[in-house]
Amino acid sequence: MNALQALISRDLTIAYRRWGELMTPIMFFILVTALFPLGLSPRSELLREIAPGVVWTAALLAGLLGQESLFLSDYEDGSLEQLALARLPLEWQALARTFTHWLGAGLPLVVLSPLLGMLLQYPAAAMPELAFGLLLGTLALSLLGAIGAALTVSLKQSGMLLLVLVLPLAVPVLIFGAQSAAQAARGEDPSGALYLLAAMLVLALVLAPFAIAGALRISLES
Amino acid sequence: MIPQLSAQGLSLWRGGRSLCRALSFALQAGEALQIQGPNGSGKTSLLRVLAGLGRLDEGELRWHGDPTHRSLAYRNALLYIGHQNGLKSHLTARENYLFYQSIAANSSEITADEALSRVGLKDAMDRPCGRLSMGQKRRAGLARLLGVKAGLWLLDEPLSSLDAAGMELVSSLLDRHLKERGVAVLATHQPLLGLGTALRTLDLETAA
Amino acid sequence: MNISWTWFHRLASPPHFFRLAGRLAPWFGWLALICIAAGLYGGLWYAPPDYQQGDGFRIIYIHVPSAYLSMMGYTMLAVSAGIGLVWRMKMAHAVAAAVAPLGASFTFLALVTGSLWGKPMWGAYWAWDARLTSELILLFQYFGFIALSRAFEDPRSGEKAAAVLALVGLVDVPVIHYSVVWWNSLHQGSTVFVGAGSDIATSMLVPLLAMIAGFTAFFVACLLKRIQLEVLERESAAAWVREVLEDA
């Protein structure tokens, strides 16, 4: 088994054994979404209008909430140092590990989104577009969040700072994502926004690994 | 003869404090360097710089005469065991060992069963590392000395948490490594017995 | 070729940069004073009131230069931090650290003046106009840079981490801007600012250009002074710093 496979297998095994901890961001996602009808009004017309934005904002926050754990435990038990010395380049590790992390943190949000859309009166016919948009968006957000996680892994109380650093960068994903969901709900063609989301994902796929690896090296420096 | 590992004019600053200034040393094959100094003197920082993890502020490090900076050959030739064991608490000692073998540049033929038995974890190798004692965790971490082939060993406090038998184990492993013409740098304030003239010492307090 | 690289390398030396900055700053200061005075006279007295907005439009003489400098400042931040990261030049990191609060201040000024302009224009102090929204996000990016660089125990690691963030942010700035424009155009009709790409009378344009030049010169003068301060702090252990402080 080559190094990349060993790394992915290790991450998946650990995630599987720690599955309880993965539940927190998912619970958060559901709770935050439920807060809006409770805090605003349960009127269908209002909910339908805000549904795209609410689901996307909740997914963004839930995704970033779970992002801190990506490198933290490895930093604390000394594994991150060892990984930095492994024969697999850190850039490839960044890509692989962000993806396996997304499987536990982002993919559940995509799968749950139709359910939450239903809570907010989102039209059933547009659910596929909602889920697909979130698929692209949560992948891109995982990459951006990983940059933030890598930059803050050596700091105390890194959670808040991670959010502050990544949220401005995440705004385009939120805008295009929510727009695509809103357009689909109105019966318009969302492909423009979805293409832009895909483009941002591709940009992140290409550039983020370098930023993540560079940030990890800097965090390990002292 | 070109020394295996040579350092010239190393200077380190961390948090505004100088840890060492213009430090130089050269290690020939079969020699070990023990870095001594009280807690907080920078032993770990220096060792991490040698591993290529920490930032080197001034000076040059060479392996077989070639600069080590961003050198893949150097990275593949070293084995670094830090102060923490690098063990995932949710994985067993066996799984951790196998993982480190798969990501190492040169792994040995020694199987997990063999290696973990030799470090005294015969009955504990399939327990999650989170449930091992400190001493057992240290042994599990040190098992990598058997699983990976490396010319340069960089060990940070290898004897901590170990009982007398454990310390003897480390000494014998180290002795064999040096006899096979490897080099080692160790950061520890505990005395290393049985290495005789192969051991050189460096006191960081005087080097700052 | 040889000469220009020497110049570049000399700039990288802290005492040399310090002396150069000290000599240049007053020149930029005077240039700023002259340009701003001319611009204010032209903008506040000479230019006639806009037929649509009356005298309210005059705030562009502060708003536009501030907005322009906020963006130029961030670019300078990212570029110098990037140079510091890639070529490991201490001076470059010092420049980045000096630019950050300055750029953030101009971003804040742009937001405040934009908001003050909003009241007569839209009847509200804030509207999610594309430009203002992008400016707000830019302000957060500045804050993020400053916060990250200060969060590390070892300042040298902190400046490198902040440099990575600045570079990532630089790629994101055009993306953010265009996404907000697109978002905004779907929410409300495109807002046309006086002077933003449309035909603008010479009597309005000339003072505006003077203000832009003046603000830029002011920015540079402040920046040079700030860099001097940064250098003194960072090199405080060096002998030449002690000499400078004794002379002062």
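**Exercise 1.** Leaving aside neighbours within four places in sequence, find which residues B:Leu154 is in contact with.

*Solution.* Two residues are in contact if their C-beta atoms, placed from the backbone, lie within 7 Å. By this rule B:Leu154 is in contact with B:Leu47, B:Leu50, B:Ala51, B:Leu78, B:Leu79, B:Tyr80 and B:Val185, once its neighbours within four places in sequence are left aside. The model is predicted, so that local features need pLDDT of at least 70 and side-chain atom pairs count only at pLDDT 80 or more, while totals for chains, interfaces and linings use all residues. Residues are numbered from 1 along each chain as its sequence is written, and chains are lettered from A in the order in which they are written.

**Exercise 2.** Determine which way the residues of strand E6 of chain B point, and how E6(B) pairs with strand E7.

*Solution.* Strands are DSSP runs of E with at least two residues, numbered from the N terminus. From E6 (residues 78-81) of chain B, B:Leu78 and B:Tyr80 point one way, B:Leu79 and B:Ile81 the other way, and all are buried, that is, 20 or more other C-beta atoms lie within 10 Å of their own. Next, E6(B) pairs with E7 (residues 152-156) of chain B in the parallel sense over four bridges, where pairing requires at least two DSSP bridges. Within E7(B), B:Leu152 is the bridge partner of B:Leu78.

**Exercise 3.** State how much of chain B is buried, and what share of its contacts with a separation of 6 or more joins residues 24 or more positions apart.

*Solution.* Of the 208 residues of chain B, 47% count as buried. Residues 24 or more positions apart account for 72% of the contacts with a separation of 6 or more.

Technical notes: Buried ≥ 20, exposed ≤ 12 C-beta atoms within 10 Å, placed from the backbone.
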